[in-house]
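Open the model in your viewer and keep the selection panel handy. We will walk along the chain together, one stop after another.

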Amino acid sequence: MLSVLDMFRVGVGPSSSHTVGPMRIAARWRRGLRDWPAGARVVVTLQGSLAFTGLGHGTLRAAALGLLGHEPETFDGGRAEADLAALTASGELAPGLGFDPAADIHLDHVTRDLLHPNAMRLALWADGAEWRGEDWFSTGGGFIASRRQLEAPAPADRVAAGHDVPYPFTSAAELLAIAAQHGLSLDAIVLANEDAIRPRAETLAGLTQVAEVMLACIARGLETDGILPGGLKVERRAPLLWRQLRKGQGANEPERLFDWLNVFAMAVNEENAAGGQVVTAPTNGAAGVLPAVMRHYCETPEQRQRFLLTAGAIGLLYKSRASISGAEMGCQGEVGVACSMAAAGLAAVWNASPQQVANAAEIGMEHNLGLTCDPVGGLVQIPCIERNAIGAVKAANAARLALHRPGQGRVSLDQVIETMRQTGIDMSHKYKETSQGGLAVNVVEC
């Protein structure tokens, strides 16, 4: 099985699939490049959603930085700008290996029928012809795959494709059966599986780092005023709301809960839109939902660990049974999945039964089905920032509703995940991170 820590990766904004993934792809491809003919140039071709919204999502810049050796986890903004300036001046990635980002990154808006809608080809060209090339795909949440990997047949036993763990599961039904048979909570099951991958101390340290990066991102977003980059002139709203909330800390109207969740989620996604450091949870475009819920409801390290382990278990189900890519599923696969994960994690913190945790996850997704991905101007700003705030509020409500329903609901978590997958397949490509439909064509860019 995948590790739960695979669902929470430290990266940079604004997009896990369009920024983090392409940077990883370019860096990996460049590391494997050992030799090249005289006068060779690197040519990058972005296809599908990467072509349609790559400019607004920073994909071109991310690809260039990856070729320069930058990685999302260790990203240094100052060094990145210096390296890009040096590349512009020299026009070379290495002696005899030319690359001009302005001329050698191409946007292919025509090619369809791709293995995945987030596709990019990296190639060496010499004497006017392609000398060597590879197709890669950014599959959502910062995950990447080569053409060879995506074309390989799936193993008969999907569990065999990952780590050997004591409690393997490929569905919510299997996960709940394990919980019932062994009397374990979902977070305990996940933690036992993680023990088969690495020492427990390392897993807990990893979860602590994830929580710390999330909270630090919120803190930066609450204190940073200004206009977000990209040309839409979107003003950061979290700092003003934060100051208003702190002034009226004693206010006791019930609706105040919305304000707290809103401000924490918006703080994260404003940081993401500005290219700051965030945690993919499960994607950058949906990075604000889990931190907002965790910040408001989890007071101790133990609560935060339980929250993340449980949420991660639900995320693994979506990753393996459907997709967390907005280019495949629309925003139901991003904010919808984040809402489902956060609802499950919060229910677990509130000591819900395993069945109630699954119910919370199901409710969180059921009411996000069909959610489109239609970013205005190809930027992760409108409607993405507010959408995370709404997703956080919806997650808390889903967890509350689940606590009042002890048994299995009429709709199971597996059924809602399959419904999301089918809905994503049926959804027009206009509404799947191409900025060719919805708000993206009905809101004037100014």
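Start by selecting residues 3-147: this stretch is 37% helix and 32% strand, with its end C-alpha atoms 23 Å apart. UniProt, in an unreviewed entry, lists these residues as "domain: Serine dehydratase beta chain"; its positions are in the numbering used here, feature names are shortened, and annotations may be inferred rather than shown by experiment.

A word on what you are viewing: this is a predicted model, where local features need pLDDT of at least 70 and side-chain atom pairs count only at pLDDT 80 or more, while totals for chains, interfaces and linings use all residues. Residues are numbered from 1 along each chain as its sequence is written, and side-chain values use heavy atoms, leaving out hydrogens and water.

Next, colour domain 1 (12-151) and domain 2 (172-441) separately; these bounds come from an automatic or database domain assignment. Their centres, taken over C-alpha atoms, are 29 Å apart.

Now zoom in on the interface. Here 21 residues of domain 1 are in contact with 26 residues of domain 2 (contact means heavy atoms within 4.5 Å). The two domains bury about 1,700 Å² between them, 54% of it on carbon and sulfur atoms; this is the accessible area (1.4 Å probe) that two parts lose on being put together, summed over both.

Arg246 sits in helix 10 (residues 238-247) and Glu223 in helix 9 (residues 200-223), 23 residues apart. Helices (H or I, at least four residues) and strands (E, at least two) are DSSP runs, numbered from the N terminus.

Stay in the loop between helix 9 and helix 10 to find Lys233, which has a positive phi of about 60° although it is not a glycine.

Finish with two prolines. The Ala281 to Pro282 peptide bond is cis, with omega near 0°, and Pro282 lies between strand 9 (277-280) and helix 12 (289-297) in a loop. Ile382 and Pro383 are also joined by a cis peptide bond, with omega about 5°; look for Pro383 in the loop between helix 16 (354-366) and helix 17 (384-403).
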